[in-house]
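Have a look at the picture first, then read on.

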Amino acid sequence: MAQEYKLILKHADEPGYTPDLECYLRHGGYDALKKALALQPKDLADGKKLSAQEQIRDDVKISGLRGRGGAGFSCGLKWSFVDRKSGKPIYLICNADESEPGTFKDRQIIYKDPHQLLEGTIIACFANDVHLAYIYIRGEMPDGAKLLNQALAEARAKNFLGKNILGSGYDLEIYVHRGAGAYICGEETGLIESLEGKRPYPRIKPPYFPAVLGLWMCPTIVNNVETLCNVKHIVAMGGAEFANLGTPNNTGTRIVSLSGHVQRPGYFEIEIGKVTIGQLINDPAFGGGLRPGRSLKAVIPGGSSAKVFKAGEKFKIKGQEVDMLDLPYDFDSLIAAGSMSGSSAIIVMDDSTDIVAALANIADFYAHESCGQCTPCREGSLWMSKALHRLAHGEGRASDADYLVKIADNIPGGRTICAFGEACSWPVQSFVAKFKDEFVAKGKADEERRAKENVESAAASTERKELATAH
Ligand SMILES: Cc1cc2nc3c(=O)[nH]c(=O)nc-3n(C[C@H](O)[C@H](O)[C@H](O)COP(=O)(O)O)c2cc1C
Ligand code: SF4
């Protein structure tokens, strides 16, 4: 039977484990940092030397670590894009905005094991010659910000941070910055604008790739909370050993947020690709199955912007037909099935779900959160939300399904500055494609009801007129 594999959350949920430094140290905390700082330059066969920083960066590449924030981009590759020759300072930002609906994994780390995040961040900063870093935390997590600030103070007091860290000669300062509660602040360039004190309008890429023109137009690394925690484990166990966890090209573990119509909603850490979507929903170690008497209708596999799967859907993966429930939960299988693992948030919907209302709810969120810079996204997300509202509240039309797809198809594809354009289109495109009959039936029923109401009200009005004339 599939089981959890706890690497990041190994201690966080143990009874008696607390977020303070003393507890973290009792569990081997900051040993990986000490190891990183003690690394000696390595002689290469060609006579060159590999610095401690280069060794860590190489190890992160070897580990195969992919970003846990959404896109699953290789962390080692991202670090290799950093412009190290510009002469400008290099910054690192930990993205703790966590606002993708359905996602509640980063906050487990922040609230239960903040020093683990700090240790991973400090090592990542050391490896990339960063001397100033920020943790950008979602505004709605004030307690998380408080805990992180306490952890930073404790780390400073023990010289895990600050000047000449543990006598290594390396200086680093980290600040916590609270967002004001906008989804777009999670998008890395919007986040950078917000950190600079401006409206979080995402920047256009090119030229504003953070690795080259990021915070204050300096080279900047933006990594997710969970990604940075993994850096600590890569240094502790070595990149090659880390790569043995999970499956090829999908290495390590992931913390999956599971919500919706399951018996045991919650977060579960798994080896990537070693557990299927069906196991996550049904196994007693995970979701524990649907509510009694219910059957599965749909699954959103990677946060609200991921394309929805319909129960019973089959996919061709590596030449084999695979049922949706048998898809391994990893980056590549979900992409091959036409969706994504995104922020690793699974939302389960059983047969009691009104699929039109569910999509209307998602579309409302995107219409509210669009930053408004790009016309297709600003207007399109609003039109979709209005049409869905109409449809969900008895004012629909049979043609609404096609209308929605027409709008959704015209938002992405290079017409917008950031990936929000895709994020708001994918749910509409996939819900309508997979449940079109429900959208059409609802619109048709509304039209028929309105036509009947019109006939009845016309008849009543004629009757009233006739009565008035008769008297
Ligand atoms: C609209 C939008 C919202 C995002 N929100 C988040 C978020 O809340 N947290 C996060 O880590 N990444 C988020 N991302 C992804 C970030 O832009 C960025 O790719 C990520 O932080 C990089 O970290 P990683 O490489 O470690 O995954 C979002 C992206 C988009 C387009
Ligand atoms: S795609 Fe949407 S959220 Fe992104 S910049 Fe354009 S308007 Fe703003």
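The largest pocket is lined by 46 residues, and G69, G70, A71, E187 and E188 are the ones nearest its centre. A pocket here is an open set of points on a 1 Å grid over the protein atoms alone, with protein on both sides within 12 Å along at least five of seven lines, and a lining residue has an atom within 4 Å of a point. Bear in mind that this is a predicted model, where local features need pLDDT of at least 70, side-chain atom pairs count only at pLDDT 80 or more, and totals for chains, interfaces and linings use all residues. As for bookkeeping, residues are numbered from 1 along each chain as its sequence is written, chains are lettered from A and ligands numbered from 1 in the order in which they are written, and side-chain values use heavy atoms, with hydrogens and water left out.

**The largest pocket**
- It holds about 1,400 Å³ of space, a volume being the space filled by probe spheres set on the grid points, which are joined across faces, edges and corners.
- By class, the lining of the largest pocket has 17 nonpolar, 17 polar and 12 charged residues. Ala, Val, Leu, Ile, Met, Phe, Trp, Tyr, Cys and Pro count as nonpolar, Asp, Glu, Lys and Arg as charged, and the others, Gly among them, as polar.

**Ligand 1**
- What sits in the largest pocket? Ligand 1 does, going by the rule that more than half of a molecule's atoms must lie within 2 Å of the grid points.
- There are 17 residues around ligand 1, and G69, K78, N95, N224 and T227 come nearest; to count as near, a residue needs a heavy atom within 4 Å.
- Strand β6 (residues 220-224) turns up again, giving the most to the shell around ligand 1, with 3 residues.
- That shell splits into 3 nonpolar, 8 polar and 6 charged residues.
- A polar backbone atom of G69 is 2.7 Å from an oxygen atom of ligand 1, and a polar side-chain atom of N224 lies 2.8 Å from an oxygen atom of ligand 1.
- A backbone N or O atom of G186 lies 3.3 Å from a nitrogen atom of ligand 1.
- The protein covers 88% of the 620 Å² of accessible area that ligand 1 has on its own, using the Shrake-Rupley method with a 1.4 Å probe.

- How many cavities of 30 Å³ or more does the structure hold? There is 1, a cavity being a set of points where a 1.4 Å probe fits but cannot get out.
- The largest cavity has about 80 Å³ of space, and that is the space taken by ligand 2.
- Of the 13 residues lining the largest cavity, C371, C374, C377, C418 and F420 lie nearest its centre.
- Around ligand 2 there are 13 residues, with C371, Q373, C374, C377 and C418 coming nearest.
- The shell around ligand 2 has 8 nonpolar, 5 polar and no charged residues.

**The second largest pocket**
- This pocket has a volume of about 290 Å³.
- Its lining has 17 residues, with L7, K10, H11, K232 and H233 nearest the centre.
- Helices α2 (31-38) and α10 (225-237) each supply at least two residues of this lining, and α10 has the largest share, 4 residues.

How values were computed. Polar contact = N/O pair within 3.5 Å; in protein donor to acceptor, adjacent residues only side chain to side chain.
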